[in-house]
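Please read it with the sequence and structure open.

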Amino acid sequence: MTPQDDLTLHQESTGEEGSALVIALLAVVMMTILGMVLLDVLRGGAVQAISTEAGIQAEAIAQKGLDDTVAQIRRAVAIGESLGDGITGNGKTKYRNRMIQVEQQLSSILPYLDRHVGTGESDWNDENGEVVTANRGSYRIDLLAYPANNPEALGKPVTYPDYPYVRKFDIRSRGTIDGNPGKVVTKQMTVYVSTINPVFRYPVSSGGNLLLNGTPYILGDLLVRGKSLHVRDEAQFIGSSGSLFGVETGLPALRGFIRVLGNGDSQINTKRYNKTSVNGGTETSELPLPTFFTEQYFPLEDPTLDVDTEIDVDNYVLDKLDAAKLQARLDAGFGEQNVDLPDPELYNTTKTKSILYDNMWVTYQGQVTVNPGAGEPNGDVFINNGTLTLYDPTPREDDNPYLTLKRGSLYVRSQDRNLVAADLRGTLEIDDDRFVAVKGNVTLNNGFKFPRGTMYIDGDLKIIGDIALQGTVYVKGNVELKEMTSINRDEGRTELVPLIIVASGGIVLGNNTNVDSTNGSSDQVRAFLYSQKGLKLYGVISKLNLLGGVHGETEVELNAVRGELAATGSDINEYAGRWTGPVPETQSGLSFDKARLQILYDKKLFDQPPAGIPTTQQFHVFGKDVLYLR
């Protein structure tokens with residue numbers, strides 16, 4: 001080997017050693033970068049986990065704030081009731097004494113919860129409530145307290161049933177978790193303190209079984225005080241011939257909580273929740289299973305939901321129409337007395353004294369007003385052993401009958417149970433502390449308006465067509481509603497409240513369709529229907545959108561399909577007879593809001609309770625509308 005060859009070999013060896021170093025350095029750099037990336041991922045995951053945990057804890061603390069506040073409200077109510085029960089000799093009823101004390105107790109605790117309680121929809125006075133420290137954080141309460149519906153403070157006279165007490169609070173709880181990262185969650189709840197019968201919290205409730213056939217849609221909580229809940233994937237209906245038909249469809253959709261108290265019906269099953277398929281097969285459960293309802297629209301069980309109190313309809317009616325009480329009113333005398341005279345027909349007349357008509361059939365037309373003078377005790381009108389007709393001679397609205405009683409109640413007593421004792425059209429207006437009492441049958445005709453007040457009927461009630469009646473009607477008898485598209489139609493009037501019908505007999509809804517799909521109408525029945533018997537509602541061939549609720553003391557059955565009617569579509573199961581009319585469209589794929597029977601909770605039952613709404617001696621505290629704000 002020459003010296004030149006040795007030099008060349010040495011140079012080549014030196015070049016190879018430099019390349020290996022570069023590769024090694026690159027590998028170290030790549031491993032470092034990869035390690036840093038992995039470390040950042042792990043760090044991010046840890047931070048995310050910590051943040052998520054902090055969010056969960058902040059929400060839990062915010063919920064604790066709501067729960068603690070409601071607990072203090074319940075405690076104040078309980079103390080107030082106890083103090084009220086111990087007061088005697090002040091000339092007030094036990095109910096009114098409780099009301100006074102509960103209001104005082106609630107007012108006394110508010111400054112301890114929030115130094116500056118808000119008083120209006122947008123007047124929250126945020127971020128000045130008391131801060132309560134928890135383990136890792138704290139919560140702060142802000143309150144919005146609405147004016148109380150307090151008949152004692154308003155000077156309302158004692159009635160039977162007495163006026164309701166309602167106090168409404170909006171509660172905001174801001175839960176804060178300290179640390180890095182910190183977290184803040186705000187939740188809000190509406191809480192009511194009320195003496196209104198809890199039955200009006202539930203758009204659907206039953207004293208016995210509750211049967212949901214097909215796809216009714218219910219928005220709000222459900223209460224089944226006895227026995228069981230049954231669902232079936234078939235809606236049934238009755239044809240004009242009285243024959244029974246069915247339509248195979250889906251399952252009901254419920255958006256709310258549910259409580260079923262009973263232990264089942266031993267003749268049917270031993271479970272509280274039951275599902276039957278039209279094609280055979282049954283399922284039973286002690287819990288409301290998702291497979292019993294429309295997907296994503298099934299209720300969760302809440303065992304804390306208040307149980308309703310059965311309404312004693314007969315006693316409420318007899319309190320106004322008992323023979324001894326009617327005779328006492330007759331004996332008290334009247335400013336004007338008409339006995340055995342030719343049947344009068346009054347038109348556009350003003351009277352200044354209370355009036356008695358004895359053994360007469362009375363007809364009022366046009367504007368008739370009874371407005372007693374300062375020296376008169378009241379403006380009562382009493383038709384004894386006769387009938388009353390508010391007569392509308394033409395279809396024009398300018399001559400509709402309009403009867404106004406100032407400081408007066410209307411009494412009608414008929415001895416013939418086959419007659420219509422009161423046949424009412426147009427408008428009947430009384431003061432909100434007065435009433436209409438009829439011993440006999442009553443018909444309310446299309447277009448009838450009763451702006452406020454309470455009716456007591458010892459007989460049957462028939463409603464024909466659309467009416468606007470804001471108050472409560474107690475019926476010791478049966479109720480029929482027919483040819484109806486709406487009750488208390490909205491028409492942009494915010495003061496409208498639901499009609500409440502409380503009947504000792506059955507309530508029957510005839511050929512009613514209150515949503516006309518041909519013109520986009522959104523007519524609505526704004527009412528709560530309460531029967532001491534059973535109650536059946538249909539949304540198969542008919543259509544019903546009910547804002548308010550229903551209750552049947554023995555049983556409630558709802559039948560519904562979805563969509564519109566067509567010449568062809570769903571198959572009809574003909575159990576008796578033959579069906580030749582229109583049929584519901586094919587049911588598969590239709591959304592829950594297409595249900596032809598929808599029953600929705602109406603918060604105005606508590607926010608603006610109708611006159612005469614049934615109350616209880618006990619105060620009830622319950623929450624609604626829990627919101628996650630941020």
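Strands here are DSSP runs of E with at least two residues, and they are numbered from the N terminus. By that numbering, K227 is found in the loop between β8 (222-224) and β9. The model is predicted. Its description below takes in two open sheets, one of six strands and one of five, together with the largest pocket, which has a volume of about 790 Å³.

**Six-stranded sheet**

- The strand order in this open sheet is β15-β14-β9-β6-β40-β38, and the pairing is mixed.
- At the edges are β15 (282-285) and β38 (535-539), each of which pairs on one side only.
- Direction ignored, neighbouring strands of the sheet are turned by 10° against each other on average.
- Strand β6 (residues 209-214) runs parallel to strand β40 (residues 555-560), and six bridges join the two.
- Within that pairing, L212 has L558 of β40 as its bridge partner.
- β6 is also joined to strand β9 (residues 229-232), again in parallel, by four bridges.
- N213 stands opposite R232 in β9.
- β9 in turn pairs with strand β14 (residues 273-276) in the parallel sense, over four bridges.
- The bridge partner of H230 in β14 is N274.

**Five-stranded sheet**

- This open sheet has the order β1-β2-β3-β4-β45, with antiparallel pairing.
- Its edge strands are β1 (131-133) and β45, and each pairs on one side only.
- From one strand to the next, the twist averages 25°.
- Nine bridges pair strand β2 (residues 137-145) with strand β3 (residues 166-177) in the antiparallel sense.
- One point of reference in this pairing is G137, which stands opposite I177 in β3.

**Largest pocket**

- The lining of the largest pocket consists of 26 residues, and D221, F257, G623, K624 and D625 lie nearest the centre.
- Three elements each supply at least two residues of the lining: α1 (3-85), β4 (183-196) and β45 (615-628).
- β45 gives the largest share, six residues.
- By residue class, the lining divides into 11 charged, 10 nonpolar and five polar.

**Aromatic rings and charges**

- The structure holds 17 aromatic pairs.
- Ring pairs link a cluster made up of Y160, Y316, F334, F382, Y411, F435, Y456 and Y474.
- Two rings of this cluster, those of F334 and Y456, also have a charged side-chain end over them.
- Over the ring of Y456 sits the charged end of K320, 4.6 Å from the ring centre.
- Over the ring of F334 sits the charged end of R329, 4.1 Å from the ring centre.

**Backbone details in loops**

- The peptide bond from Y160 to P161 is cis, with omega near 0°.
- P161 lies in the loop between β2 and β3, the two strands that pair over nine bridges.
- K227 has a positive phi of about 65°, although K227 is not a glycine.
- The loop that holds K227 runs between β8 and β9, and β9 is one of the strands of the six-stranded sheet.

Methods
Residues numbered from 1 in each chain as written. Predicted model: local features only at pLDDT ≥ 70, side-chain atom pairs only at ≥ 80, totals over all residues. Heavy atoms only, no water. 1 Å grid on protein atoms, 1.4 Å probe; cavity = no way out; pocket = protein on both sides within 12 Å on 5 of 7 lines; lining within 4 Å. Points joined across faces, edges and corners; volume = space filled by probe spheres on them. Nonpolar A, V, L, I, M, F, W, Y, C, P; charged D, E, K, R; others polar. Phe/Tyr/Trp six-rings, centres within 6.5 Å; stacked < 30°, edge-to-face > 60°. Lys NZ or Arg CZ within 6 Å of the ring centre and 35° of its normal. Pairing = 2+ DSSP bridges. Axes fitted to C-alpha atoms, helices over the stretch in contact; angles between N-to-C directions.
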